[in-house]
Amino acid sequence: MNTINTKCLIIGGGPAGFTAAIYASRANLQPILFEGIQPGGQLTTTTEVENFPGYPEGISGPLLMEDLRAQAKKYGADIRSGQVTKVDFSNRPFTVTIDGDKVFSAETVIIATGASARYLGLPDEQKYMGMGVSACATCDGFFYRKKTVAVVGGGDTACEEALYLSSLANKVYLIVRKDHLRASKVMQRRVLEKENITVLFNTNTVGLFGEEVVEGAKLVEHLGTEREQHFEIAIDGFFLAIGHTPNTAVFKPYIELDEAGFIKLQGNTTATNIEGVFAAGDVADPRYRQAVSAAGTGCRAAIDAERFILEH
Ligand code: NDP
């Protein structure tokens, strides 16, 4: 088996990975970057990005990613496709296996694998995926103009998505499992004041129904208590906004993670618990999860990797 050597291996093709690649290429680290199954990351599932600095008119998510990719390529980043299937961080240089058979030996690794939207785990979510079930209101909200939709979750994302959808749809249900919202006060107030949003507290979703596409949801109020009550709502769209799971499973044997699976960083750096392995973007950020903050940490990770190489 041929092993390819590199000074810097970047795993992940989102804003963090590409920004790390731009900086690492310009620092002459000749990085190799691996894009996974969703090249461009979560931004490619967004329509318009209006808060990335430098684009006063906004820019489409896929276009922004194409630009970042092209910029990384321009400075010599070697961009390839493949899934990391195994890593060995026990010794330097580190070993990273791609797609089960391609082995890379790297002096430094930057993990920028992002996070994926969480689902409830109902078989009906799979059944109606793309047929009324979505985890991205900004991507799919457009299809529900003047219709009725439901959003699941009680955090800032759920409130943001419910508010966004309320400007398109006729009616929005927000399905919250607790008796309160977890979102910030300002978001809570906006949601509760919005006329066409109905918040269903203490409510869980147990199924969806519909001939070919989603036509309704089966809900339970006060699940598992004496007051348990089953009912149905008629909806055309069902949006999940119950948080994200960081894509860290493959690194778990070596990299220290928090209880939610996000990579723990050392102090105010992008260093992980393994010297020479750095992390950038959503994979190490449960809090901000913005394209620009991911890009910022990608820059920092490349600078940290460059300094590490100089020092060792
Ligand atoms: P959060 O983890 O904050 O919230 C997840 C929500 O989903 C919670 O209400 C949780 O319920 C609920 N939930 C989780 N699992 C289930 C389940 N199986 N069934 C039903 N409900 C479930 O995630 P967010 O994505 O909302 O936010 C992540 C971070 O990003 C936060 O720090 C947030 O503040 C930030 N953010 C900030 C924004 C802004 O400032 N504009 C916008 C979006 C996010 P429970 O409360 O019962 O645990």
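Tutor: Helices (H or I, at least four residues) and strands (E, at least two) are DSSP runs, numbered from the N terminus. With these runs, Pro-93 is placed in the loop between β6 (84-88) and β7 (94-98). The model is a predicted one, in which local features need pLDDT of at least 70, side-chain atom pairs count only at pLDDT 80 or more, and totals for chains, interfaces and linings use all residues. Residues are numbered from 1 along each chain as its sequence is written, and side-chain values use heavy atoms, with hydrogens and water left out.

Student: Which phi values do Asn-202 and His-222 have?
Tutor: Phi of Asn-202 is near 55°, a positive value in a residue that is not glycine. His-222, also not a glycine, has a positive phi of about 55°. Asn-202 sits in the loop between β13 (197-200) and β14, while His-222 is in the loop between β15 and β16 (229-234).

Student: Why is His-222 called buried?
Tutor: Buried means under 20% relative accessible area, exposed means over 50%, and partly exposed is in between (1.4 Å probe, protein chains only). His-222 has 15%, and is therefore buried. Asn-202, at 22%, is therefore partly exposed.

Student: How do you know whether Ser-25 is buried or exposed?
Tutor: Its relative accessible area is 8%, so Ser-25 counts as buried. Ser-25 belongs to helix α1 (residues 15-26). Contact means heavy atoms within 4.5 Å. Not counting residues up to four places away in sequence, Ser-25 touches Pro-31, Ala-72, Tyr-75, Gly-76 and Ala-77.

Student: Which class do Lys-73 and Ala-70 fall into?
Tutor: Lys-73 has 48% relative accessibility, so the label is partly exposed. Ala-70 has 44%, so Ala-70 is partly exposed. Lys-73 is in helix α2 (residues 61-74), and Ala-70 lies in helix α2. For Ala-70 and Arg-80, 10 residues apart along the chain, the C-alpha separation is 13 Å.

Student: Why is Val-213 called partly exposed?
Tutor: The relative accessible area of Val-213 is 38%, so that name applies. Val-213 is found in the loop between β14 (203-209) and β15 (216-221). Leaving out residues up to four places away in sequence, Val-213 touches Tyr-128 and Met-131. Its C-alpha atom is 49 Å from that of Lys-7, 206 residues away along the chain.

Student: What makes Gly-243 partly exposed, and where does Gly-243 lie?
Tutor: At 30% relative accessibility, Gly-243 is therefore partly exposed. Gly-243 lies in the loop between β17 (237-240) and β18 (244-246). Apart from neighbours within four places in sequence, Gly-243 is in contact with Ser-116, Ala-117 and Arg-118.

Student: Which domains does the chain have?
Tutor: Domain bounds come from an automatic or database domain assignment. That assignment gives domain 1 (3-116 + 244-311) and domain 2 (119-240). Their centres, taken over C-alpha atoms, are 33 Å apart.

Student: How many residues surround the ligand?
Tutor: A residue is near a molecule if one of its heavy atoms lies within 4 Å of it. The ligand is surrounded by 17 residues, the closest being Gly-154, Asp-156, Thr-157, Arg-177 and Arg-182. At least three residues of this shell come from each of domain 1 and domain 2.
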